[in-house]
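User: I have a protein open here and I'm new to this. Can you walk me through it?

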Amino acid sequence: TLTLKWNFLSEEFLEFIGSQFQDFFEVSVTNSAGVKTVLFRKTIDQIAADFGATLLDPGSLIKVSPGIVFDRGDVYMTNWQNLSINVSDFQGQIITISFDAGDVGDSIYDTAILLDEISVQ
């Protein structure tokens with residue numbers, strides 16, 4: 001089991017909910033043959049739905065600006081979320097675990113993912 005805590009911070013909340021600008025957080029495994037398997041993925045819209053956020057209301061997302069400022073807009077975060085992923089399908093294999101934050105459609109409004117307490121048991 002892969003466990004970790006993650007916190008998604010983005011300038012794309014609230015203005016870009018429902019748009020093509022879908023920054024994301026992804027956890028994947030690549031085996032020794034180069035085959036990538038996505039184990040977890042969340043986009044702006046999925047997180048907004050999880051936290052009840054809309055274009056006009058942050059729901060339970062937490063506004064952290066002006067204390068945290070990226071480049072252009074207000075920054076909202078999810079706060080620390082627990083994630084537990086079953087990785088038993090990869091037992092006995094040499095794998096690479098990747099944690100990716102992606103910027104989709106622009107390079108102006110930033111997103112960052114904070115990670116903590118990563119372990120494999």
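Analyst: Let's start with a term. Contact means heavy atoms within 4.5 Å. In this protein, residues 24 or more positions apart account for 72% of the contacts with a separation of 6 or more. Keep in mind that this is a predicted model.

User: OK. How many helices and strands does the protein have?

Analyst: There is 1 helix, and there are 8 strands. In sequence order the pattern is β-β-β-α-β-β-β-β-β.

User: What does the C-alpha trace span along its principal axes?

Analyst: About 50 × 25 × 25 Å.

User: And how much of the protein is buried?

Analyst: Of its 121 residues, 38% count as buried. The protein exposes about 6,600 Å². Carbon and sulfur atoms supply 50% of that area.

User: Now the helix. Which residues of helix 1 are buried?

Analyst: Helix 1 covers residues 44-51, and its buried residues are Ile44, Ile47, Ala48 and Phe51. Looking down the helix axis, these buried residues fall within an arc of 105°, so they line one face of the helix.

User: What do they pack against?

Analyst: Strand 1 (2-10), strand 3 and strand 6 (81-85).

User: What follows helix 1?

Analyst: Gly52 does, and its phi is positive, near 70°.

User: Let's go to strand 3. Is Thr43 buried or exposed?

Analyst: Thr43 is buried. It lies in strand 3, which runs over residues 36-43.

User: Why does Thr43 count as buried?

Analyst: Because its relative accessible area is 13%, and buried means under 20%.

User: Which residues is Thr43 in contact with?

Analyst: Leaving out neighbours within four places in sequence, Thr43 is in contact with Gln22, Asp23 and Phe24.

User: New topic: the largest nonpolar core. Which residues touch the most other members?

Analyst: Trp6, Phe8, Phe13 and Phe25 do, in a core of 23 residues. The elements giving two or more residues to this core are strand 1, strand 2 (24-31), helix 1 and strand 6.

User: Last one. How many positive and negative charges are there?

Analyst: The protein has 6 positive and 17 negative charges. Their mean positions are 2 Å apart.

Note on methods
Residues numbered from 1 in each chain as written. Predicted model: local features only at pLDDT ≥ 70, side-chain atom pairs only at ≥ 80, totals over all residues. Heavy atoms only, no water. Helix = DSSP H or I, 4+ residues; strand = E, 2+ residues; numbered from the N terminus. Buried < 20%, exposed > 50% of the residue type's maximum accessible area, 1.4 Å probe, protein only. Areas by Shrake-Rupley, 256 points an atom, 1.4 Å probe, with all protein chains shown as cover. Lys, Arg positive; Asp, Glu negative; His and termini not counted. Charge placed at Lys NZ, Arg CZ, Asp CG, Glu CD. Arc of directions from axis to C-beta. Core = buried A, V, L, I, M, F, W, Y, C linked by side-chain atoms within 4.5 Å.
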